Amino acid sequence: MAVAATQLGLIAPAAAQQAIEAPATSFGPLNQIDAGVLSVGYADIGPASGPPVILLHGWPYDIHTYVDVAPLLALKGYRVIVTYLRGYGTTRFLSSETVRNGQQSAIALDIIALMDALKIEKATIGGCDWGARTACIIAALWPERCKAVVSVSGYLIGSQQANKMPLPPKAELQWWYQYYFATERGRAGYEANRQDFAKLIWQIASPKWDFDDATFNRSAASFDNSDHVGIVIHNYRWRLGLAEGEPKYDDLEKRLAELPVIIVPTITLEGDANGAPHPNPSAYAKKFSGRYEHRTIDGGIGHNLPQEAPQAFAKAVVEAGDH
């Protein structure tokens, strides 16, 4: 990692040598802060005065998606915030009465609330999977809070109306877990087997990623969150219109249903071996009206691109926000 980072000019040779001697395996002690309806668990890496970068994970992953990306950016002088989404890790709801809602606008507002709590006015936001969708939503609805975006698999904003349209059979097959989650059998199955389920998704989504048990188990611990199953099931049922959202988010969802154009500088990334459902880059290129570039990352890179190709992701974050 460190050698490649040096080649990219991300870190100095001395720092690279230090990284070789002590490669990243975890984030160390995490921080906790009340933000909106949550007590949010997050890592805060790099100089406090550095340009802020917020990195967002997806399902079924966690903050360790960025365990190698964050040090690269911190050594470049960025302040890097890597947060557990609602339902993961040490992030908890402040009230037992709050709806365990997984809809897209609610998750985006969690990140705005976190930025407010941390007094971060504007940040470069990077994401993968759910995190990429969240980054796109923030850029679309609150561009004044977003300096630039790095999004794996591009423009992922959706709507219940759009999701009513059937896909070709091969495409529907890729969403098998969404239909499983639509049933109570699926909820019970995920509750009972969430780690085995997640490992299967990792294998399907990144068929050429040879991750070991330690790497998987490090992330799988975050699924023990008591709200995890509820958030995941609601997220996928809401997408299909099988679960209600909260009325307070209706106006935001109406705006998102129009698939708004993103005006902030953006770099989209795609792995050449992504086994998860994902759009073709040509399908979303026109959704970015500001400075925009798409990069396909070669080398058998799957769905969890930041963890599989951390140097490429870190390079995109630096270059997206440099202009």
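I began with the aromatic pairs, and the structure holds 29 of them, where rings of Phe, Tyr and Trp (its six-membered ring) pair if their centres lie within 6.5 Å, planes under 30 degrees apart counting as stacked, over 60 as edge-to-face and the rest as tilted. Since Tyr-88 lies in the loop between strand E4 (79–83) and strand E5 (92–93), and Trp-130 in helix H5 (residues 130–141), the pair ties together parts that are 42 residues apart in sequence. Helices (H or I, at least four residues) and strands (E, at least two) are DSSP runs, numbered from the N terminus.

The model is a predicted one, in which local features need pLDDT of at least 70 and side-chain atom pairs count only at pLDDT 80 or more, while totals for chains, interfaces and linings use all residues. Residues are numbered from 1 along each chain as its sequence is written, and side-chain values use heavy atoms, with hydrogens and water left out.

Are Tyr-88 and Trp-130 buried or exposed? I found both of them buried (under 20% relative accessible area, with exposed over 50% and partly exposed in between, for a 1.4 Å probe and protein chains only). I next noted the pair of Trp-209 and Phe-211, which is tilted, at 5.0 Å centre to centre and 55° between the planes. Trp-209 is buried with a relative accessible area of 17%, and Phe-211 is buried with 15%.

I also followed the ring pairs into a cluster, whose members include Trp-59, Tyr-88, Trp-130, Trp-175, Trp-176 and Tyr-236.

Grid points are joined across faces, edges and corners, and a volume is the space filled by probe spheres set on the points.

The largest pocket has a volume of about 1,100 Å³. Of the 46 residues that line the largest pocket, Arg-133, Leu-156, Asn-163, Trp-175 and Arg-239 are the closest to its centre. I sorted this lining by class and found 29 nonpolar, twelve polar and five charged residues (Ala, Val, Leu, Ile, Met, Phe, Trp, Tyr, Cys and Pro count as nonpolar, Asp, Glu, Lys and Arg as charged, and the others, Gly among them, as polar). Helix H5 is one of the elements that each supply at least two residues of the lining of the largest pocket.

The second largest pocket holds about 280 Å³ of space, and among its 15 lining residues Gln-103, Gln-160, Trp-238, Asp-250 and Glu-253 lie nearest its centre. Helix H11 (residues 250–257) gives the largest share of this lining, four residues, and the lining divides into four nonpolar, six polar and five charged residues.

How many cavities of 30 Å³ or more does a search of the whole structure find? I recorded one, and the largest cavity has about 40 Å³ of space. Its lining takes its largest share, three residues, from H4.

Definitions and conventions
1 Å grid on protein atoms, 1.4 Å probe; cavity = no way out; pocket = protein on both sides within 12 Å on 5 of 7 lines; lining within 4 Å.
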